[in-house]
Each structure stands twice: as structure tokens, then as C-alpha cells.
Amino acid sequence: MPLYDCSKCPGYCCSYPLIALDKRDVQRLAKHHGMSFEAARKAFTKKEHGRQYAMRRKKDEHYGKICRFFDTKERRCTIYTARPSVCRSFPGEGKCGYYEFLKFERNAQDDPEFVALTDHSD
Ligand code: SF4
Ligand code: SF4
């Protein structure tokens with residue numbers, strides 16, 4: 001059972017500079033959007049950090065940049081069922097380091113809405 005609650009987090013892990021995809025991830029995105037592999041590759045990915053497929057990102061008020069599929073108002077993933085494998089496995093069993101930090105700061109500052117600003121715009 002996870003010891004973190006993504007619904008109370010502004011989506012830190014979706015702001016990582018590299019969201020690495022593999023071919024199956026791009027295929028899943030293509031199917032989800034009713035597009036060809038090539039159209040999905042062009043629309044949603046770019047070559048970055050030495051990777052063939054990296055998720056395109058967009059501007060975000062908290063973290064500088066964030067995944068193009070992140071809803072920056074609702075603070076959630078818009079393609080949950082078609083999300084890449086790296087998103088499915090993160091952060092693994094148990095705790096999320098960022099959530100622990102958020103909980104600590106929200107408690108220390110007596111502010112349940114506190115968001116730790118981290119510029120991941122690179
Ligand atoms: S940083 Fe942690 S708590 Fe926040 S959305 Fe990602 S996994 Fe969930
Ligand atoms: S696909 Fe969804 S879960 Fe993965 S980084 Fe983008 S918004 Fe976050």
C-alpha cells in the first residue's frame with residue numbers, strides 16, 4: 001500500500017526534465033489518440049538527453065516545465081490509462097521522497113496547500 005497521496009501533490013514527478021519513453025510507450029500513445037506511430041512520435045516526443053523518445057513538455061507555474069499531458073489546473077495526468085511505463089512504476093513501493101518533504105513542510109508551515117517550488121525548466 002503506497003504511503004503517499006498523488007491527489008494531494010502538485011505533480012512533482014511529472015516535471016522531471018527527462019520522461020523517457022520506449023517504442024511501446026509511443027505505440028500506446030498513438031493507439032490512445034487514434035494516430036499513427038509516426039504522428040504520435042512527432043506530436044508527443046522528441047530526441048533529448050541521448051534518448052530516441054523523450055516526452056515533450058510545456059510551461060508550468062510551479063516547476064518551470066512539466067509533461068505535455070499534465071493538466072496544470074487540475075494537477076493530474078490526462079492520459080492515465082495510456083501513460084508510459086516509467087510513470088506506472090514510479091516511485092515504487094512504499095514512500096515517495098517528495099511527498100514526505102511536502103508533508104513535512106505543510107505541517108511545519110501549518111499550510112496544507114504549501115507547494116515546494118522547484119524549477120525543473122532546465
Ligand atoms: S511526486 Fe510523489 S506524490 Fe507527487 S505525484 Fe509523483 S508519486 Fe505522487
Ligand atoms: S504521462 Fe501522465 S503520469 Fe506520466 S509524466 Fe505525463 S502527466 Fe505525469
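Which residues of the largest nonpolar core touch the most other members? In this predicted model, they are Leu21, Leu29, Met55, Tyr63, Cys67, Phe69 and Tyr98, out of 26 core residues. Such a core is a set of buried Ala, Val, Leu, Ile, Met, Phe, Trp, Tyr and Cys residues joined through side-chain atoms within 4.5 Å, where buried means under 20% relative accessible area with a 1.4 Å probe, protein chains only. At least two core residues come from each of helix H1 (23-33), helix H2 (37-44), strand S2 (51-55), strand S4 (64-67) and helix H4 (97-108). Helices (H or I, at least four residues) and strands (E, at least two) are DSSP runs numbered from the N terminus.

Strand S1 (residues 45-48) pairs with S2 in the antiparallel sense through three bridges; pairing requires at least two DSSP bridges. Thr45 has Met55 of S2 as its bridge partner. Two residues separate S1 and S2 in this hairpin, and His49 in the turn has a positive phi of about 50°.

The ligand shells, with residues within 4 Å by heavy atoms, are as follows.

| Ligand | Surrounding residues |
|---|---|
| Ligand 1 | Cys6, Cys9, Tyr12, Cys13, Pro91, Cys96, Tyr98 and Tyr99 |

Residues are numbered from 1 along each chain as its sequence is written, and ligands are numbered from 1 in the order in which they are written. Local features need pLDDT of at least 70, side-chain atom pairs count only at pLDDT 80 or more, and totals for chains, interfaces and linings use all residues, while side-chain values use heavy atoms, without hydrogens and water.

Notes. Buried < 20%, exposed > 50% of the residue type's maximum accessible area, 1.4 Å probe, protein only.
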